Amino acid sequence: METATYKHPASLVPLQTKYCPGCGHGVIHRLITEIIDELGLQGSSIVLNPVGCSIWADLYFGTDSVQPAHGRTPAAATGVKRVLKDHLVVCYQGDGDLAAIGTAEIIHAANRGEKFTTIFVNNAIYGMTGGQMAPTTLIGQKATTAPEGRDPGEAGMGYPIRVCEMLATLEGTRYLARGSVDSPANVRKTKQYIKKAFEAQMRGEGFTLVEILSPCPTNWSMKPNEAVDWMVEAMVPVFPLGEIKNLLATDGVAKAGGVAGTAAGGKK
Amino acid sequence: MPEKVLMKGNEAIAEGALRAGCTAYFGYPITPQSELPAYMAKHMLPRHLTFVQAESEVAAINMVYGAAAAGARAMTSSSSPGVSLKQEGISYLCGADLPCVIVNVQRSGPGLGGISPAQGDYFQATRGGGHGDYYHIVLAPKDVQECADLTFEAFDLADKWRMPVMILADGLIGQMMEGVVLPPARDLASLPAKPWAVGHQGKSGRPFNHVSSINLVPDELEKSVNDRFERYKAIAESEVRSVSTNCDKADLILVGYGTSSRVAGGAMALAKAEGIELGLFRPTTLWPFPYAEIAEFAAKGKKFLCVEMSMGQMVEDVLLGVGMSGVSGDAAPVHFFGRLGGNIPNEDEVLAAAKDVLAGRSKPHRIGFADRSLGSGRNLGSNRSRGQ
Ligand SMILES: Cc1ncc(C[n+]2csc(CCOP(=O)(O)OP(=O)(O)O)c2C)c(N)n1
Ligand code: SF4
Ligand SMILES: [Mg+2]
């Protein structure tokens, strides 16, 4: 019988993080670093830490890192990966970074089929700047800039953007999955998604992205356990979990051509 | 004898970059520099070098940021409106001490302006056009040969000083064709090592490298900016370049860079034919600016006439240089003649402006708006009616 021993990942620096209690970023860092260890890529991984709460990721990742301007993360990751083709390049982004200020950069990186992996941490809020409305904020969800809740009607605040579904229409995308860190089971599933994406990247298959629903108790004004419940009850119905698009050649579900509009096509 | 080839300035910049070992180019189309990305695409893609037509200038400069962080000799090019978009990225490149080459083939502004040559981006280029305290080297080619040579050298300077180097050309320099002798191509293996770059950490076991411009500790950030300014001081002491012609014999020195220095040179020749001695001073580095050279001329009581394709930007650096000489502004007056909007000054009007200065018919330039004029208050001809 094999026994697995619980260990601190070698690629995760043994530091207490600056993240708030109940924050999802720390769990997600752990998943990424476990996989980097499992794939033996610590010495050839580059993490791009975004502008957002996870700007501190470079303190916690025991890998080389590059910190670009807010939202330009996929453009900088393009530059890094084009030069270091045999490296694992992780483009770590929040919802403001990816789906607001950096929308052009993510869409075009995805469309070019850039061969890095984006880890998209969707906490439905701007964490770092103190709880402003994000492009993924739910309708009715309160934010400092939507004190009565997000109102797509008269206030013209728009609707939550489903990033995976939007990117699925682009032919450069090969693997788009949405996980969540609300429960041990979903944490394990999320880890599988990330691992698939990293392996696909190392095979040079094309653009891969894993969106992860993640709690921000501080800016949701909730206790950590309430935040987890809210994720399950309110976020998951808007952002359905699973593999939104999977055209990976080696994953048994590959479809020739990578056709547009395959949100349903690749879903398991 | 090395072979001379006929090329456009934009192409010579591209070829100079390739020969310097540029392996990563990112750009977005804009007139009057579009030959440059086209040349890069044509010559880089077959050699499996990195060429990306980016979705915007914002993306292009951030791709440069990533490629430079990964240790490549990286470059982007654009023209004025696009270079405005790059300013955020340039600030980050300077804050993270990343080397790269940025080309601005200037056109007229502000706003969309026009697509004809101009020199209205001098302040933006030489004063750190983005946010925060920083400078970077700015080189100004005056012909196609210098397009190739200065771009080639720009990559070495960028690596040496760990900062972006800007090539500040204009639409005329970029578009015109001249014969050029190209520098021999660099062997990539001979390029300087970049121990600070990311990648291949596992091979050497060095500590992890973090490329970043953030520092939330005021004392630390203050120190890092201060240290960078120590480097600026060393650059100002060692990298200033300029060319003076006939300045010893003349009482009046024409000052210009790029296209306007060519026109000033033409005016100098016309003057000579009339028996008037004029000098020509041409800064090749706009940052660091040759203040000491200007100050030396001022100390000898020379007069200056700055010729620019702008409302007067470099002229402020000439005034600063005169100020450093300790001589009063009246003893070494600085005059200005400018055309803009895509108009290029012609030799006759520059000569006429020079004669006005020599005859005491024009007022010296002052910083501010009180006496602002394009030069001597004379009726300026239209470039278009002259068929340029
Ligand atoms: C150009 C620019 N605009 C605005 C900001 C301020 N800012 C910093 S982080 C951030 C939002 C981050 O939110 P998100 O990407 O969702 O990350 P989170 O903190 O929620 O993880 C903003 C607006 C900035 N740093 N730069
Ligand atoms: S503000 Fe939110 S996202 Fe930021 S560290 Fe705290 S819980 Fe995490
Ligand atoms: Mg967020």
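**A helix and its charged pairs**

Author: Happy to! The buried residues of α2(B) pack against β1 (4–8), α1 (9–20), β2 (24–27), β3 (50–53), β4 (74–78) and β5 (100–106) of chain B, where contact means heavy atoms within 4.5 Å. Helices (H or I, at least four residues) and strands (E, at least two) are DSSP runs, numbered from the N terminus. This is a predicted model, in which local features need pLDDT of at least 70 and side-chain atom pairs pLDDT 80 or more, while totals for chains, interfaces and linings use all residues. Residues are numbered from 1 along each chain as its sequence is written, chains are lettered from A and ligands numbered from 1 in the order written, and side-chain values use heavy atoms, without hydrogens and water.

Helix α2 of chain B spans residues 35–44, and its buried residues are B:Leu36, B:Pro37, B:Tyr39, B:Met40, B:Ala41 and B:Met44. Buried means under 20% relative accessible area, exposed over 50%, and partly exposed in between (1.4 Å probe, protein chains only). B:Glu35, by contrast, is partly exposed, at 22%.

B:Glu35 also forms a salt bridge with B:Lys8, with 3.1 Å between the closest N and O atoms. Because B:Lys8 lies in strand β1 and B:Glu35 in helix α2, the pair ties together parts of chain B that are 27 residues apart in sequence. A salt bridge here is a side-chain nitrogen of Lys or Arg within 4 Å of a carboxyl oxygen of Asp or Glu. Over all chains, the structure holds 33 salt bridges.
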